[in-house]
Amino acid sequence: MANFPRRLRAAIGGAVLALGLIAPVSVESAAAAPKLEDGSRLSIEPQIDRNFADPDILLVDGVYHAYATNSDGQNVQHQTSKNLRNWTAQPDAAPTLGAWVGECSFTPGGATDRCVWAPEVAKVEGGYALYYTARDRASQRQCIGVSVATSPNGPFVPVGEGPLVCPAAEGGAIDAGTYAENGQLYLLWKSDGNCCNLPARLYIQPLAANGRTVTGPPTPLIRNDQPWEGAVVEAPTLVKHAGTYYLYYSANDFYGGNYRTGYATSTSLTGPYTKSKTELLTSDRFQGDVRGPGGQDVFTRRDGRTAIVFHGWDPTYTYRAMYVSYVNYDANGVPSVEAASRRYQAEDGVLANARAVGDTSASGLSKVGGMDFADSSVTLQVWADTAGPKTLGIRFANGSTDGNRRVVSTDRLTVNGQSRTVSFWHTTWGNWQLNEQRVQLRQGWNTVTLTRGTYFAEIDSVDVYDALPDPSPVPVPAAAPQGTRYEAESGVINRARVRTDGSASGGAVVGGLDFDDSSVTLRVHAAESGDTTLGITYSNGSERGGYLIEATDRVTVNGRDEGIVQLPHTRWGNWSTVDHEVRLKRGWNTVTLTRVSFYAEIDAVDVR
């Protein structure tokens, strides 16, 4: 699974890498993300590291203007920058909303979310127009209004007696975007069917030159019809590149890590549009450093390069920060985002004694399965812009068993003729996770082959990225005690509870570790002083909007901090063991596991 706790562990550990303390990466210079203390790198840094959701960027006279969803009492947040790196907060761009706007609050968006969302500012005849989403008092739907100003700084003043677009029968309208071609301005928007069990659709509609009124009926472009979209398509952004129209959009539940950005293409402005098989932005394509990348806008920088701005949750899912990266198009017109990994779908590779299988839970809606033979393999050609150390993120699932025993499977990973064994921990089938492997790639095309070793794993895709994360922990299926076992339920429990579970060692576990001070404390014995391995048996079913999340606990020994233990997602009841190194003194020692992030149940601790 994505390794997002790298940032969180650094912050928790008191390093200078806590959120907001790393100097942001300059998009203008495309500098590499700073290294972490363990030698890893974050894939991308936030440019505005606070609640700045659904960002829109407009370049005017050498100044970048960023606008965002309401927060902290401002209807439309506004910040400016000359380099996309150093940002200055400005007054509320729209202190006054249209008279049609009613009261509303939206808890998932944050305590100060008053339902004024997703601003879009465009240059129009006579100045600038701001399109915003707010609650229509009459219909009690979210609808789109328009305000105008002579400067991108505002303040924008509402025009019209009612909302600009408000199809109440379709659930209202949200997430305005604009597109201009041949002197004609267009409004893009989403019918908000998600409010009321209706389809979600994206539309395009012509606007007057002054941006104040629509001048024709809306044309539908796409609707939610792909498994990975869930019930949601929204946040339309339209650009044209080399004669092809690219409709970028966000999908799935914004409140979790499964929120993502996809795209569809057409040779005609009004379609039909064909959706891409592989999404543009997902949490795991940022190795989990950005959670739920979406709410995007695509814009042109001062130097003419195409850039993309989007939001993503912080590690605790408290706020959505703003990120900026480049958009590139390959020779076939396929777009990619520079800070995100390149993804290669396993089913597109060369298969030997294996088969491509449709799977709606898999990236690209297919996977490679049936790797049941000694020579079963999948081979992919992957690209590297420069030679040197890279990371392969192998997206896999393993539900192998030996009798009733869950087991680790292995493959032989071969990169340009150099081989090593890769272990795939037991995840249960369909529980896709990432195994990250540091490799040396040469500039240009490289041959990557995964050949079955022991037991069975299904391969979904392989990502290639420059970031060098700390190696993924490899939990092993829980087994008989190795060393001396101490049952968690026999310890001192704080703000947690003992739960009976026949599948667990000793028939019970410690669950309900839901609070910042939830902990379990055990007295363990060591025959002599020195470094010792603790085998921590746990299960973790944490998720956010369907996105599988790693949990972490802090380990203390005799009151001394012994670091953070990663507890990868296993699903509840799938008991697994991870090793954690500590130093024990001779005799009795006090070991405490305290919850840090998300949730895991603790079964037992072995002292080896």
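This tour moves through the structure stop by stop, saying what to select and what is there.

**Before you start**

The model is predicted: local features need pLDDT of at least 70, side-chain atom pairs count only at pLDDT 80 or more, and totals for chains, interfaces and linings use all residues. Residues are numbered from 1 along each chain as its sequence is written, and side-chain values use heavy atoms, with hydrogens and water left out.

**Stop 1: the disulfides**

Select the bonded cysteines. A disulfide is a covalent bond between the sulfur atoms of two cysteines. Here the rule is a pair of cysteine sulfur atoms within 2.5 Å. That rule gives three disulfides. Counting bonded cysteines along the chain, the pattern is 1-2, 3-4, 5-6.

Start with C104 and C115. Their sulfur atoms are 2.0 Å apart. The torsion about the S-S bond is about -60°, so this disulfide is left-handed. Both C104 and C115 lie in the loop between β4 (88-90) and β5 (117-124), so the pair ties together parts that are eleven residues apart in sequence. Strands are DSSP runs (E, at least two residues), numbered from the N terminus.

Are C104 and C115 buried or exposed? Both are buried. Buried means under 20% relative accessible area, exposed means over 50%, and partly exposed is in between (1.4 Å probe, protein chains only).

Next, select C143 and C166. The sulfur atoms of this disulfide are also placed 2.0 Å apart. The link has 40° about the S-S bond and is right-handed. C143 lies in strand β7 (residues 142-149), and C166 in the loop between β8 (157-158) and β9 (173-181), so the pair ties together parts that are 23 residues apart in sequence. C143 is buried, at a relative accessible area of 0%. C166 is partly exposed, at 26%.

Now go to C195 and C196. A disulfide joins them, with 2.4 Å from S to S. C195 is partly exposed, with a relative accessible area of 38%. C196 is partly exposed too, at 25%.

**Stop 2: R141**

Which residues does R141 contact, leaving aside neighbours within four places in sequence? They are A134, R135, D136, A168, G171, G172, C195 and C196. Contact means heavy atoms within 4.5 Å.

R141 sits in the loop between β6 (127-135) and β7. R141 is partly exposed, with a relative accessible area of 27%. R141 and S43 are 98 residues apart in sequence, and their C-alpha atoms are 38 Å apart in space.

**Stop 3**

Select residues 77-81, which make up strand β3. Five of the five residues are buried, so the strand is largely enclosed by the rest of the structure. Look along the side chains. Q77, Q79 and S81 point one way from β3, while H78 and T80 point the other way.

Strands of a sheet pair through backbone hydrogen bonds, either parallel or antiparallel. In this tour, two strands pair if DSSP finds at least two bridges between them.

β2 and β3 pair in the antiparallel sense over five bridges. Find Y64, which stands opposite S81 in β3.

Then show β4. β3 and β4 are antiparallel, paired over three bridges. H78 stands opposite Q90 in β4. The two strands form a hairpin with six residues between them. In its turn, L84 has a positive phi of about 60°.

**Stop 4: a four-stranded sheet**

Move to the open sheet of four strands, in the order β9-β10-β11-β12. The pairing is antiparallel. Which strands stand at the edges? They are β9 and β12 (219-223), each with a single partner strand, so one side of each is left without a neighbour in the sheet.

Zoom in on β9 and strand β10 (residues 184-191). Seven bridges join these antiparallel strands. E181 has Q184 in β10 as its bridge partner.

**Stop 5: E458**

Finish at E458, in strand β33 (residues 458-465). E458 is buried, with a relative accessible area of 15%. Not counting residues up to four places away in sequence, E458 touches K367, V368, G369, R395, F396, A397, W429 and W432.

Which side chain makes a polar contact with the side chain of E458? That of K367 does, at 3.0 Å. A polar contact is a pair of N or O atoms within 3.5 Å; within protein, one must be able to donate a hydrogen and the other to accept it, and residues adjacent in sequence count only if both atoms are side-chain atoms.
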